[in-house]
Amino acid sequence: MPLKKALLIASLFGPIVALQSQAQAQIQSSSNYGSDVNDFEEHNPPMLDPTQKTPLDFQPTAETDAEKAQAEADAKADAELLYKPEPGTKAKKSKGELVLAPIPNYNPSQGWGLALMGQKIFATSKDVKPSMAVGAVFGTQKKSYGAMAGYIGRMNEDRWRLNIFGGAAKINSDFYGTGKDAGTRDQYVLMEQDVGFASAQVLPRWAEGFFLGVTLGYNKMTTSFDLDQLPVEVPNRTITDENWLPGFKGQYDSRNNSFYPTEGIYTNFQGQFFDKNFGGDHTFQRYKVSYNQYFTVFSQDVIAVRAATEANVGDVPFYNMAVFGQGQDMRGYKAGQYRDNILWATQAEYRHRFAKHWGYVLFGGVGDVIGKISEFTLTDLLWAGGAGIRYRLGRENPVDFRVDIAYGDDLVGYFSVNQAF
């Protein structure tokens, strides 16, 4: 395989893997993540400016002002050479690409998994994020499987964003019950969930980096239990629920790079409205807020911080509750062991690159699940911490393979692509 094609595939691992994790998260808590493409968008590579120094490669620290100036000049020259168009192409237009790739992964709730991903990137002006069509099929050691497809549209030079997703899957997971005490008992039954889902978002840009618009989701899910695995108390053997989900979403993004940001802010806020008048069996609202910020320290190291919360208000069924340890929040806990109406989590990560392709991270965080605001406390929280190794795959987009070891309730490992957040 030519080196250029190999690096292209490597640079696309991040957005592709995010698609699979979004699908799995969707089923594990009904429409909790299925109508939200934040995970995917967070790994959508930006069109980098070749005249600016970028965080793509390990750069030795300059010892003098002259060496520093020379290092910056060299980095600029390398970037200009890297982004120089091929003979016969137009400098102001990027080419579309079609990529297929198999992606292995591991997480404590599903074990090992394998996904076959496809992605079509459409041609665009070089300074505008491209539109993409994506698709995926996946299976896991837990005998979960599914397929989904979507379109991430960047229209009118990214003044409008149109996101459309749909798919179907079956996810097998462990159900511990609801509330923090149920997770602490560490007793569970097998829960099987079959779901079909679709979502659409229309987000106009109101200011530089700020988007706000409307969303609409659809979800039909059947949940069943293996009742032979008592003593965990379960509601009914089989539950079917169907919902149309109107809502809103806002997003602000000032990161200098989507794969490996060294500065900037990425924040999302979202509301979804479940109602019996829209076909569901329950009436409640879901509100989600997340805030990520990135700081450069010691010339080339990065400190990344994240705070996130989810609140479900009203008649909330157990399969729509907030799930701790799912998605980006947080490593060290098995997704689904702790679930309740409200979740909050904060974490920080120190990222250091000690060679051109190699780096390590140290991370820690704390959070909790509660039934209502009045139960909030800063005692008996869920703590976690760990470390990981990163190996950089490509140069055009700083995509890393990552292996993390985290300790929360137990010592668990993660194998994936891209940063945790």
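Modeller: Ground rules before we start: residues count from 1 along each chain as its sequence is written, and side-chain values use heavy atoms, with hydrogens and water left out. As the model is predicted, local features need pLDDT of at least 70 and side-chain atom pairs count only at pLDDT 80 or more, while totals for chains, interfaces and linings use all residues.

Biologist: How many helices and strands does the protein have?

Modeller: Both are DSSP runs numbered from the N terminus, with helices being H or I of at least four residues and strands being E of at least two. On that basis, the protein has 20 strands and four helices.

Biologist: Is serine 131 buried or exposed?

Modeller: Serine 131 sits in the loop between β4 (124-125) and β5 (132-140). The scale calls a residue buried under 20% relative accessible area, exposed over 50% and partly exposed in between, using a 1.4 Å probe and protein chains only. Serine 131 has a relative accessible area of 10%, so it is buried.

Biologist: Which residue has its backbone nitrogen 2.8 Å from a polar atom of the serine 131 side chain?

Modeller: Contact means heavy atoms within 4.5 Å. Beyond its neighbours within four places in sequence, serine 131 is in contact with several residues, including Lys120, Phe122 and Tyr151. The backbone nitrogen at 2.8 Å from the serine side chain belongs to arginine 154.

Biologist: Which ring does the charged end of arginine 331 sit over?

Modeller: The test wants NZ of Lys or CZ of Arg within 6 Å of the ring centre and within 35 degrees of the ring normal. Arginine 351 lies over the face of phenylalanine 421, at 5.3 Å from the ring centre. For arginine 331, the distance to the centre is 3.7 Å, and the ring is that of phenylalanine 363.

Definitions and conventions:
Polar contact = N/O pair within 3.5 Å; in protein donor to acceptor, adjacent residues only side chain to side chain.
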